[in-house]
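I opened my notebook to look up how this structure is put together. My notes follow in the order I made them.

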Amino acid sequence: MSEELKATANNGTEAQKPAAPAAAAKPAAARPAVARPAAAPAKPAVNELKPKTVAAADLHAEMKRLHDEEGMDFLLNLTGEDWLEDGIGVVYQVENTENHKQACVKCVVSDRENPMIPSVCDLWDIANVYEREVYDYYGIIFTNHPDMRRLFMREDWVGYPFRKDNDPEKDNPFDPQHMTNEPLADVTYEYQLEQDGTVKKVEHQIFGEDDYVVNIGPQHPSTHGVLHFRVDLEGEMIRKVDPILGYIHRGVEKISESMTYPQTLALTDRLDYLGAMQNRHALCMCIEQAMGVEVSDRVQVIRTIMDELQRIDSHILFFGCLCQDLGATTAFLYAFRDREKILDIFEETCGGRLILNYNTIGGVMYDIHPNFQKRVKEFIKIMRKNIQEYHDIFTGNVIFQNRSKGVGVLTKEQVISFGCTGGTGRASGWHNDLRKIKPYAAYDRVQFNEIVRTEGDSFARYMIRLDEIKESLNIIEQLIDNIPEGNYQEKMKPIIKLPVGTFYSEVEGSRGRMGVFIESKGDKSPYRLHYRSTGLPLVAVMDTACKGNMLADLITIGGTVDYVVPDIDR
Amino acid sequence: MKRAKIKSIPYEEFKDNETYEELVEQLNAGGANVIVRKLDDLIDWGRSNSLWPLTFATSCCGIEFMAVCAARYDIARFGFEVTRNSPRQADVILVCGTITTKMAPVLRRLYDQMADPKYVVAIGGCSISGGPFTKSYHVLNGVDKIIPVDVYVPGCPPRPESFLYGMMQLQRIVKVENFFGTTNRKQKDPFKVTAEEKEETIYNQEEEA
């Protein structure tokens with residue numbers, strides 16, 4: 001078993017141990033807090049969602065009104081849910097990218113055999129993938145969705161694993177002696193809703209008989225993990241890209257439902273392992289805000305510094321891998337040389353190199369190491385110097401410039417419609433930096449620039465990340481000498497329970513907005529935990545970005561949109 | 001008894017030498033001709049110092065694998081730096097990360113495509129037992145259920161040092177093998193399904209359908 005998991009388990013037991021003496025000393029005060037199923041917080045949670053319930057028949061009209069009249073052009077998140085006898089449904093979260101107003105709509109249907117909800121993928125492109133995910137998990141059929149296939153599970157998978165009454169392991173026994181290769185169909189179905197309310201099943205071709213289809217992955221060094229693209233080619237031009245996902249679908253959200261809140265933290269680091277700090281920060285922040293816990297200033301600042309160090313780590317790795325993919329091995333070695341310095345800093349304070357397990361509910365695991373400030377200051381100096389080296393060795397390279405400038409251009413409308421946040425969105429001129437829009441942690445007390453470019457091509461996406469390293473260094477420099485005194489861990493109750501409600505918090509992760517959606521019934525484990533994946537929109541946009549480019553450009557585009565596969569599949 | 005010499009670490013400093021000695025006994029059970037043995041030593045010396053890994057990574061451990069290949073830990077010191085992108089050219093598959101049930105047939109196929117003699121190193125908790133995801137409905141609890149594993153490297157993810165230690169253990173195994181007569185011949189694979197069996201399964205499935 002992993003050390004980190006043990007650490008979290010220890011955290012759980014540690015938290016439970018002080019409970020006994022406290023209960024013994026003050027039985028009158030301590031008991032009601034434990035016995036009550038959901039302790040109401042002193043003030044309403046700042047991150048609570050108040051979804052407006054809409055009937056399935058009116059859903060499309062309501063979403064169209066939000067999209068057209070209120071300018072909600074960004075579908076932030078889409079979560080399927082199963083409430084057993086109360087029905088099955090979807091929660092939509094949309095945002096206006098101009099004034100950053102948000103709306104939340106819930107649609108519930110009671111028919112569990114054949115649940116049907118109208119699709120909204122004509123309004124937001126990203127809904128296409130999100131709805132396929134919900135179909136895969138819950139079996140909700142989205143009418144008028146052009147491509148109703150499973151997203152993560154195999155096509156011959158039986159049942160819908162996220163339904164509360166489903167037993168996926170019984171329905172799909174794994175026999176190591178008789179494994180079969182995965183079936184991949186070339187046809188897909190659309191459930192068309194007719195005017196008179198009947199549903200017609202229409203067949204669509206994904207690839208035709210005469211199409212020349214090349215498989216890239218799941219085992220391919222340039223897909224950054226186990227990602228599978230089926231690419232339709234015309235000569236060397238890409239006509240269509242069909243990503244097949246789920247080769248590393250680990251069911252993190254489902255297993256979280258049977259874990260207590262401190263236990264769920266352990267899995268966040270392993271989602272997007274290059275944004276381990278930020279993922280965990282998002283989940284801790286969501287739980288803290290839902291409980292009404294205020295963490296100390298010291299924790300806020302430490303978390304901000306750690307998030308930024310993680311961002312630099314991720315962007316350096318992005319640089320190294322992109323260079324490696326494009327054939328520049330030397331640059332890869334340069335990048336890893338600098339990355340090791342960050343890992344040393346992490347290791348001193350957190351004990352881990354890659355999976356850090358540092359944030360906890362109500363604070364951080366340990367106080368910062370005495371050497372931390374000295375080491376970080378040294379690192380800032382070295383990194384400022386070395387980033388110039390990156391430009392000298394790779395950015396100016398003619399081959400790289402030819403392969404990236406004007407390749408895979410995404411317009412601002414496309415990135416918003418596909419919900420591509422982070423560097424990919426900012427390269428196309430979309431101001432989506434959450435650190436500026438809704439400053440959390442200590443971002444409101446630092447000065448920094450939001451790096452935005454307008455070209456939208458692979459080169460812009462590359463430059464954004466290198467420039468963001470410099471901004472992150474600036475942020476760290478402003479905070480490193482001003483870490484306020486205070487507790488590094490708030491005193492939490494032995495058993496952590498969230499009040500009844502739906503909560504959503506997000507942070508700016510290394511590659512976009514990382515959100516955590518929790519539905520709580522007042523228990524010690526979440527009823528539904530959903531992560532807004534930063535990578536899923538980035539893979540969904542690959543078809544649009546690659547169309548009309550050469551096959552070799554797929555590697556450049558895939559490298560520069562910068563996805564991490566376990567974060568996509570979760 | 002023949003023991004492998006590894007320059008970096010003396011024999012006594014390896015942990016769990018009992019298991020290793022059992023393995024050595026097993027490998028040398030038949031005994032060998034002196035001349036053949038000498039030739040074996042020469043070939044094994046070359047093989048153990050040029051194990052080419054397959055570039056195979058599914059999740060977090062893959063990043064540590066990259067770190068091991070990069071400047072500070074420098075896997076090239078051991079001769080493992082030639083990572084191959086094709087299984088046909090690789091000697092050893094490092095299973096870095098979780099293997100899901102969807103990925104399992106792919107991993108099995110990759111293993112089948114590798115040329116003998118081939119080795120498997122299970123890196124990290126996920127590939128050893130499922131790690132933190134053991135309870136999941138879509139995760140294979142240990143790659144040793146589908147392919148034979150030679151070395152297990154625990155950790156989540158393992159530190160680069162333990163990564164290298166695991167690779168040195170693999171070197172020790174390679175160094176004591178009798179190349180002529182056993183290793184260079186196709187060995188029986190307990191997980192291999194014969195063509196008849198496969199046909200029978202397909203037939204049964206069709207019957208059921």
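Before I count contacts I need a cut-off: two residues are in contact if their C-beta atoms, placed from the backbone, lie within 7 Å. I also note that this is a predicted model.

**Entry: chain A overall**

I looked up contacts in chain A with a separation of 6 or more. Residues 24 or more positions apart account for 68% of them. Next I listed the secondary structure of chain A and found 21 helices and 17 strands. Then I checked the overall form. For 570 residues, a compact globule would have a radius of gyration near 25 Å, and chain A agrees because its value is 24 Å. I noted the spans of the C-alpha trace of chain A along its principal axes, about 75 × 65 × 55 Å. I also looked up burial: 49% of the 570 residues in chain A are buried.

**Entry: where the chains meet**

How many residues of chain B are in contact with chain A? I found 42, and they meet 43 residues of chain A. On chain B, α3 (60-69) and α4 (104-113) each supply at least two residues of the side that touches chain A. I sorted that side of chain B by class and got 22 nonpolar, 13 polar and seven charged residues.

**Entry: the nonpolar core**

I turned to the largest nonpolar core, which has 198 residues. I93(B), V95(B) and V121(B) touch the most other members. Helix α10 (residues 297-325) of chain A gives the most to this core, 13 residues. I then followed I93(B). Leaving out residues up to four places away in sequence, I93(B) touches L54(B), F56(B), L110(B), Y111(B), M114(B) and V120(B).

**Entry: helix α6 of chain B**

I looked up helix α6 of chain B, residues 160-175. From first C-alpha to last, this helix of 16 residues reaches 23 Å, close to the expected 22 Å. Its buried residues include F163(B), L164(B), M167(B) and L170(B). The buried residues of α6(B) pack against several elements of chain B, among them α1 (17-27), α2 (34-48) and β2 (92-96).

**Entry: L140(B)**

Is L140(B) buried or exposed? The cut-off for buried is 20 or more other C-beta atoms within 10 Å. L140(B) has 24 such neighbours, so I count it as buried. I placed L140(B) in the loop between α5 (124-129) and β4 of chain B. L140(B) and I128(B) are twelve residues apart in sequence, with their C-alpha atoms 9.5 Å apart. Not counting residues up to four places away, L140(B) touches F174(A) in chain A, and its partners in chain B include I99(B), A104(B) and K145(B).

Methods. Residues are numbered from 1 along each chain as its sequence is written. Chains are lettered from A and ligands numbered from 1 in the order in which they are written. This is a predicted model: local features need pLDDT of at least 70, side-chain atom pairs count only at pLDDT 80 or more; totals for chains, interfaces and linings use all residues. Helices (H or I, at least four residues) and strands (E, at least two) are DSSP runs, numbered from the N terminus. The radius of gyration is taken over C-alpha atoms; the globule rule is 2.2 Å times the number of residues to the power 0.38. A residue is buried if 20 or more other C-beta atoms lie within 10 Å of its own, exposed if 12 or fewer, and partly exposed in between; C-beta atoms are placed from the backbone. Ala, Val, Leu, Ile, Met, Phe, Trp, Tyr, Cys and Pro count as nonpolar, Asp, Glu, Lys and Arg as charged, and the others, Gly among them, as polar. The expected span of a helix is 1.5 Å times one less than its number of residues. A nonpolar core is a set of buried Ala, Val, Leu, Ile, Met, Phe, Trp, Tyr and Cys residues joined through C-beta atoms within 7 Å.
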